[in-house]
Amino acid sequence: MAAVVLIGAQWGDEGKGKITDFLAEKANMIIRTSGGNNAGHTVVVNGKEFKLHLIPSGILYPDKTCVIANGVVIDPAVLIQELNYLKERGVETSKLLISSNAHVIMPYHCLLDGLEENARGDGKIGTTKRGIGPAYMDKTARNGIRMIDLVDPEEFALKLRSNLDQKNAIITKVYGAEALKFEEIHKEYSEYADKLREYVTDSSLAIDQTIKAGNKVLFEGAQGTLLDLDHGTYPYVTSSSPIAGGACIGAGVGPTQIDRVVAVIKAYTTRVGEGPFPTELSDETGARIQKNGFEFGTTTGRARRCGWFDAVIARYAVRINGISDFAVTKLDVLTGLDTVKICIGYTTQGQRVDEFPQGQKTLKQCVPIYEEMPGWQEDITKIEKFEDLPRNARNYILRLEELTGVKATIVAVGPGREQTIVRGEIY
Ligand code: GDP
Ligand code: IMO
Ligand code: MG
């Protein structure tokens, strides 16, 4: 029996899709527990690239049950599009389950996401404008429409009416924008309901039954630790709980069921959207990492900001998530550099800082303290064993382990499923 939670240790886009796909081979069930289609997870199998936003990356194996659990916010149009995209590419999707408690992203959520961002002006968060924040706001305000409501025509009409009255008042009176029309949304969403009804179920129960039967389950995180609503770089965060603890809430399983927490972490750091980023590189090296790592958003196409590996962030992620293993990705992207740097601490106002600071004002003032290590020039993208990596690449990984106290059980050297070095059992 093993339940493994997989999360992102940085600001998202660590390669969770790739590592989920890799670990899914041994699992029976793969479960998305938070976020929505702000996520973009890329999986490459036999040279074929798949981009997923809502459906767990385990879907590429025909025999796995995939679950979109209660903690996810679902844009039904995007989900249907994704189902079609997979079907067109010959992927079996009949084993998908959708939680009846998952909340639905409505057109007013997307509209308000944009209007709220514009109103923030210079203080904008840089959201994906997918309606994520407003949908979670409705959830916590207890106004949300859940999947169970969407597929119940009577409930849906009632809830849409009351929500739309309130939202149209805000849209027109606060933002001076045009009101949305009940009939249009009702018709469109009733069609989505008809397409999705067959998948909607009590997913917490299905997960429990799978675990109790002695099967392996894998919880696929979205976003990353520093985008967590409570523990991330607030307010430059998303509106859900991407940390490991969020998986329990987002799936309806108890913490005692979780055996391991695998954190995906890039061999360097990236960030999309606004907010302080101490190790950000605005020079040629940053541009080189961005180019070689193809650091452009899967969801919005925005260029990802790039910088050196930050061990302060990694240690913080270890604490907040209770990480048992690291899966270090994109080591190959650092190939060809004369030296590589690791941030081991910060200084701010003449003081040394070893713990990730609370508050963006302090984080913005933090200057990294770097350790510099010799780089490696050899192509590592076909290497299968850790021992076969160039010595300097091995030393880099060993140093990351030393600085964080956590083993890099997996090391990825390319986007493909096979470009994955394993140094121990996950389950
Ligand atoms: P996620 O959101 O955490 O799933 O990550 P994304 O899919 O948004 O971004 C990671 C990108 O890096 C994807 O394009 C992956 O195919 C790619 N990738 C993952 N692991 C590696 C690796 O080890 N090396 C290289 N070169 N690319 C990788
Ligand atoms: P995956 O799962 C990277 C960022 C956005 C923005 C902030 C808030 O692919 O790692 P939101 O639309 O969620 O309200 O935006 O969070 N963000 C991500 N950045 N990867 C993601 O997902 C992200 N999901 C949200 O860029 O800064
Ligand atoms: Mg991504």
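Colleague: In this predicted model, which backbone atom lies 3.2 Å from an oxygen atom of ligand 1?

Modeller: That is a backbone N or O atom of Gly-414. To read such a pair, look for N or O atoms within 3.5 Å of each other. Two further backbone examples involve ligand 1: a backbone N or O atom of Lys-16 lies 2.7 Å from one of its oxygen atoms, and a polar backbone atom of Gly-17 is 2.8 Å from a ligand 1 oxygen.

Colleague: How much of ligand 1 does the protein bury?

Modeller: Think of the ligand first by itself, then with the protein around it. Taken alone, ligand 1 exposes 590 Å², and the protein buries 93% of that. The space taken by ligand 1 is the second largest pocket.

Colleague: Which residues and elements form the shell around ligand 1?

Modeller: There are 19 surrounding residues, and the closest are Gly-15, Lys-16, Gly-17, Gly-40 and Asp-332. Of the elements, α1 gives the most, with three residues. By class, the shell has four nonpolar, eight polar and seven charged residues.

Colleague: Why does ligand 1 lie between domain 1 and domain 3?

Modeller: Check which domains supply the shell. Domain 1 (2–100 + 200–260) and domain 3 (266–321 + 330–382 + 392–404) both give residues to it, so ligand 1 lies between them.

Colleague: Let's turn to ligand 2. Which residues are closest to it?

Modeller: Ligand 2 has 20 residues around it, the closest being Asp-13, Lys-16, His-41, Thr-128 and Thr-238. A polar side-chain atom of Thr-238 lies 2.6 Å from an oxygen atom of ligand 2. On the backbone side, a polar atom of Asp-13 is 2.7 Å from a ligand 2 oxygen, while a backbone N or O atom of Gln-223 lies 2.8 Å from one.

Colleague: And how much of ligand 2 does the protein cover?

Modeller: The protein covers 98% of the 550 Å² of accessible area that ligand 2 has on its own. Ligand 2 sits in the largest pocket, and its shell has seven nonpolar, 10 polar and three charged residues.

Conventions
Residues numbered from 1 in each chain as written. Chains lettered and ligands numbered in written order. Predicted model: local features only at pLDDT ≥ 70, side-chain atom pairs only at ≥ 80, totals over all residues. Heavy atoms only, no water. Near = heavy atom within 4 Å. Polar contact = N/O pair within 3.5 Å; in protein donor to acceptor, adjacent residues only side chain to side chain. Areas by Shrake-Rupley, 256 points an atom, 1.4 Å probe, with all protein chains shown as cover. 1 Å grid on protein atoms, 1.4 Å probe; cavity = no way out; pocket = protein on both sides within 12 Å on 5 of 7 lines; lining within 4 Å. Sits in = over half its atoms within 2 Å of the grid points. Helix = DSSP H or I, 4+ residues; strand = E, 2+ residues; numbered from the N terminus. Nonpolar A, V, L, I, M, F, W, Y, C, P; charged D, E, K, R; others polar. Domains from an automatic or database assignment.
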